[in-house]
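Q: I have a model open and would like to learn how to read its features one at a time. Where do we begin?

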Amino acid sequence: DNSDEFIPKCRTCRRQVREQSGEGDHHEGLSSDEELTPPEVDEFQKSKDNVLEDSRKIFEDVHADFCDIRKILLKFQEWKEKFPDSYCDAYISFCLPKLLNPLIRVQLISWNPLEQNFMELEEMPWFRAVEEFSDAENISES
């Protein structure tokens with residue numbers, strides 16, 4: 001595998017070029033090799049905007065009761081209260097993560113924890129709905 005040999009040689013070559021050109025403000029470990037060019041940034045932004053636009057359309061033909069996590073969890077809470085044996089026999093606690101997964105993933109498409117003004121997971125509406133549902137389950141079980 002020559003990849004281990006390639007990296008140091010490239011660094012050595014770049015260092016020699018910097019020394020010959022008189023660049024003195026380079027800080028070791030800070031490389032601009034991974035920086036995107038303006039056309040690449042524009043292409044990425046267009047692609048990102050397309051994905052976000054498409055994600056808004058995913059549930060547009062779904063009844064509001066079935067694309068809102070809080071409403072879905074309320075239906076399960078009602079089921080548990082009215083028919084506890086049936087609810088228990090259906091192993092709902094095992095099914096809910098798979099059921100909610102696509103709904104949560106759509107809401108997380110635009111989430112970026114590396115941005116300065118990102119929303120904490122605990123502040124997101126879906127997180128609070130799941131948390132309230134879990135608290136309600138714990139209260140009713142005790």
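A: We begin with one residue and its surface. This is a predicted model. Lys-48 has a relative accessible area of 29%, so Lys-48 is partly exposed; the partly exposed class lies between buried, under 20%, and exposed, over 50%.

Q: Which residue does Lys-48 form a salt bridge with?

A: Side chains of opposite charge can pair when their charged atoms come close. Here the partner of Lys-48 is Glu-115, and their closest N and O atoms are 4.0 Å apart. The pair links distant parts of the chain: Lys-48 sits in helix 2 (residues 38-57), while Glu-115 sits in the loop between helix 5 and helix 6, 67 residues apart. Glu-115 is also partly exposed, at a relative accessible area of 37%.

Q: How many salt bridges does a search of the whole structure find?

A: The search finds three. One of them joins the side chains of Arg-56 and Glu-53, with an N to O distance of 3.1 Å.

Q: Where do Arg-56 and Glu-53 lie?

A: Both are in helix 2, three residues apart, which is about one turn of the helix. As for the surface, Arg-56 is exposed with a relative accessible area of 57%, whereas Glu-53 is partly exposed at 36% relative accessibility.

Q: Which side chain does Glu-132 meet in a salt bridge?

A: Glu-132 meets Arg-70, at 2.5 Å from N to O. This pair too links distant parts of the chain, with Glu-132 in helix 6 and Arg-70 in helix 3 (residues 69-82), 62 residues apart. Glu-132 has a relative accessible area of 44% and is therefore partly exposed. Arg-70 is partly exposed as well, with a relative accessible area of 34%.

Q: What is the C-alpha separation of Leu-74 and Ala-129?

A: Sequence separation and spatial separation are read as two distinct values. Leu-74 and Ala-129 are 55 residues apart along the chain, and their C-alpha atoms are separated by 9.2 Å. Leu-74 lies in helix 3. The relative accessible area of Leu-74 is 49%, so this leucine counts as partly exposed; the exposed class requires over 50%.

Q: Which residues form the negative surface patch?

A: The patch is formed by Glu-120, Glu-122, Glu-123, Glu-131 and Asp-135. Take Glu-122 as an example. Glu-122 is found in the loop between helix 5 (92-108) and helix 6 (125-141). Its relative accessible area is 46%, so Glu-122 is partly exposed.

Q: How many disulfides does a search of the whole structure find?

A: A disulfide is a covalent bond between the sulfur atoms of two cysteines. In this structure the search finds zero. The surface classes of two cysteines can still be read. Cys-88 is exposed, with a relative accessible area of 54%, and Cys-95 is partly exposed, with a relative accessible area of 39%.

Q: What is the phi of Tyr-91?

A: Phi is a backbone angle, to be read together with the residue type. For Tyr-91 it is near 50°, a positive value in a residue other than glycine. Tyr-91 is found in the loop between helix 4 (84-89) and helix 5.

Q: Is Tyr-91 buried or exposed?

A: Tyr-91 is exposed, because its relative accessible area is 53% and the cut-off for that class is over 50%.

Notes: Residues are numbered from 1 along each chain as its sequence is written. This is a predicted model: local features need pLDDT of at least 70, side-chain atom pairs count only at pLDDT 80 or more; totals for chains, interfaces and linings use all residues. Side-chain values use heavy atoms; hydrogens and water are left out. A disulfide is a pair of cysteine sulfur atoms within 2.5 Å. Buried means under 20% relative accessible area, exposed over 50%, partly exposed in between (1.4 Å probe, protein chains only). Patches are made of residues with over 30% relative accessible area and no salt bridge: like charges are joined within 9 Å, nonpolar side chains (Val, Leu, Ile, Met, Phe, Trp, Tyr) within 5 Å. Accessible areas come from the Shrake-Rupley method with a 1.4 Å probe; for residues, only the protein chains shown count as cover. Lys and Arg count as positive and Asp and Glu as negative; His and the chain ends are not counted. The place of a charge is taken as NZ of Lys, CZ of Arg, CG of Asp or CD of Glu. Helices (H or I, at least four residues) and strands (E, at least two) are DSSP runs, numbered from the N terminus.
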